[in-house]
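Here is a short report on selected features of one protein model. It covers a helix pair, a pocket, a salt bridge and some backbone details.

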Amino acid sequence: MIQTVIMAGGEGARLRPLTCDLPKPMAPVANRPIMHHILRLLAGLGVRKGFATLHYLADEVESYFGDGEEFGIELEYAVEDAPLGTAGSVRRLIDRLGDTFLIISGDALTDFDLRPAIEFHRARGAVATLVLTRVPDPLEYGVVILDGEGTIERFLEKPGPGEVFSDTVNTGIYILEPEALERIPAERPYDFSKDLYPALLSEGKLLCGYVAEGYWTDVGTLEQYQAANHDCLLGKVRADLPGEARDEGVWVGEDTRLDPGSELRAPVLIGHGCSVGPGAQVGPLAVVGDNCVIEAGAQVEHSVVWSGTYLGHGARVKAATVCRNVVAKRNVTINEGAVVGDRCLLEEGTSVMPRIRMWPDKVTERGSKVTMSLVWGTKWPGALFRSSGVSGLANIEITPEFAAKLGAAFGAYLEAGAQVITSRDSHHASRMAKRAVIAGLMSVGANVLDLRIMPGAVARHMANISGAAGGIHVSASSTEPGQMVVEFFDGTGKNLDRSAERRIESIFFREDFRRAPLDAVGSLEFLGRTMEYYTEDFLNFLDEQAISRWRPKLVIDYAYGPLCLLMPQVLGRLGCESTALNAFVDPTRSEEPWSSRSERVVEMGDVVHALKADLGLLMGSHGERLAAIDETGEALVGDDLLLVFADLVLQGADHGAQVAVPFSATSGIEEICRGHGASVIRTKADSRSLMETAGSTPGLVFAGNTEGGFIFPRFLPAFDAMLAVGKLLELLALSGQRLSQVRARMPRYYRARSQVQCPWEHKGTVMRRLHEESSALHVEHLDGIKIHLDGGWVLVLPDVSAPLFHIHSESGDSETARQAVDQYAARIDELQAEL
């Protein structure tokens, strides 16, 4: 039978505190380690030789499984001193794997019959075959699209919400030929999904996928851990449960004493050597480990209790996880979603509130309530970061405690002693949260340079010129009233990349902070000349004389934001005559969402026309977006403004220049670029992707989106509405054209858009079905799925943070564009109805 490699080096960080003292493969499911179930599965397939790759707490695995004799498998171990990645760890076995071999995760639970997959692999002659399954929510897995013969067409590891194109995912079970190992570099981190498989695809090697039937879960979260235990009890997974089946759905281990007055409610599993007292209730959906004591009147339901735990008289455990050797005394309550780590002592009357995690060896006082902000357990069960940072309801979700923890996580991510820029908008809630962030930063030894109230773009610029390691800007949301946003940026001023966000998120959830001693607590300094630094760099970047010669007459609506403190002075130095509207800071009014700007744009048009101004400008309250009104009073927003900016920028750019726009932007941008000998880079729709491209692409002269955000990377690789105004004035002055004249020659396309509600668990399936139905058409998958139709296109884009799809379409006439949107909206509703 085929040789097998069991990957068992996983730390299981997302399962902490379950895995603080235990490697993830040893986490018990139905009272047996996950890897125990895997070895039983392999033995049933006829596997007789296996290699286990180990790293984290390797001794725990070796001491439990030994030489594998109990399972009828000759088991050898390969221990990594430092993590080498999934592929790097297996490559160390290259001399011992001489034929086709199987790789399986020792920390995922499955009952797949893998023999058909192995036969399929051999029949196709593939270099590698990935065993696949279909899941409701594919965000945390590698997503795969196959052709009709099982050949992999596309593979993406852990996609973002806007990148999901299928619900078919990689299970981490592979069938490989030895030649695949030869492409893995020795003794350095290398991953199957991120490195090897993309390399094989690029080389044209045959990479196949086999969709297996049966049960699979990677047990990657605490919720999945609970579900895996429940699924074993419910028979959803074929697993050999220990103990004697006394009644339907009731399993009890040897030497367990059940008082006649106790009650077991199926399904329930109780280990060996336990004691259940009178009046105690265990179940339904309860797993109790070996050698546990459950005293009179105690209750355990929908929960997992590990071995050696004591539950005192009247204790209640509901939908929780209790680890090894915990002592929970009389009348202790452990509530839904809570996790109590190894060896914790809960004194009488303690109440552990929902979703609370207690790390090992904690002790509570009698009658105490173990609590923290419920937001930490309910709002952040998965992704902490959204498309523009961390957001939540002000002082309900983004509380001072939460903000301090967030600051500490960012500071711990940076090197000790790093300098961090902090700033905020004018809202009182932002002041509260920013001060808490500063406290968290200082607690881990970060030195803070605080700018007080400052537009986000100015703060990013200061990070760029000051040598700071990064920064945090706190503000009220410009899109959702009542929400706050905490934005993180690196030393160049652009948003953190996803890798950095995930590392900060890991630190945040694990609370793995370094605590600075008394003499190493970070410093706090208030910078006083930030605006002067920005102004000088701003003026040096522009052709000041060209604008001064024109002396344009402007009307500007500052939307009660902090730009009104800086922009009038700069415009005065440029020789502009400006009429200011809403030019004072008012945090209660500046919360108006940018999406509601349409009425204000119409009003601005009337004012511009009445004052015979050259230009009207509507600024976003945070200083990152703008809309324009030409001298006739007509508004330019969205794609229209993007096209005008691109045309003006490229008039003075070198041949071969590049511009970057989102995947959802108008096709007219390609037409504009062709006319100037320039090229277009399309990015994903989120702001971070546009900033990353702007900051990393030589030759890029301009980037912009359809929401009024524009980037000039030679100044700052981030959105800056004030700089965009300056560049617009400069470009118009140098061209000698009026804004209406530039607009008149732009290509004309018609856009339509809509939204369709869709539950998170259905998004992947809907995207896969749309892909399958569009196989005969030209389709792009950079962000969502863009389907090219006659004379236009339609884009279906999963929302990053809400259970819905955005549908965009473009065509040569408005009716066709609207029909395309309506057609795909109706189709998405039909697909959901079929699920």
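## A helix pair

Helix α11 (residues 456–466) packs against helix α13 (residues 530–541) at an angle of about 85 degrees, and their axes lie 10 Å apart. Axes are lines fitted to C-alpha atoms, for helices over the stretch in contact, and angles run from 0 to 180 degrees between N-to-C directions. The two helices, α11 and α13, are therefore roughly perpendicular to each other. That class spans 65 to 115 degrees; under 35 counts as roughly parallel, over 145 as roughly antiparallel, and the rest as oblique.

From α11, the contact uses V458, H461, M462 and I465; from α13 it uses T530, Y533, Y534 and D537. Contact means heavy atoms within 4.5 Å. By class, the α11–α13 contact has 5 nonpolar, 2 polar and 1 charged residues. Nonpolar covers Ala, Val, Leu, Ile, Met, Phe, Trp, Tyr, Cys and Pro; charged covers Asp, Glu, Lys and Arg; the others, Gly among them, are polar.

## Basis of the model

This is a predicted model: local features need pLDDT of at least 70, side-chain atom pairs count only at pLDDT 80 or more, and totals for chains, interfaces and linings use all residues. Residues are numbered from 1 along each chain as its sequence is written, and side-chain values use heavy atoms, with hydrogens and water left out. Helices (H or I, at least four residues) and strands (E, at least two) are DSSP runs, numbered from the N terminus.

## The second largest pocket

The second largest pocket holds about 390 Å³ of space. A pocket here is an open set of points on a 1 Å grid over the protein atoms alone, where a 1.4 Å probe fits, with protein on both sides within 12 Å along at least five of seven lines; lining residues have an atom within 4 Å of a point. Grid points are joined across faces, edges and corners, and a volume is the space filled by probe spheres set on the points.

Its lining has 18 residues, with V649, G652, V701, R714 and K727 nearest the centre. The largest share, 5 residues, comes from α20. The lining divides into 10 nonpolar, 4 polar and 4 charged residues.

## A salt bridge

R355 and E223 form a salt bridge through their side chains (3.2 Å, N to O). The term requires a side-chain nitrogen of Lys or Arg within 4 Å of a carboxyl oxygen of Asp or Glu.

## Backbone details

A cis peptide bond joins G283 and P284, with omega about 5 degrees. H302 is not a glycine, yet has a positive phi of about 50 degrees.
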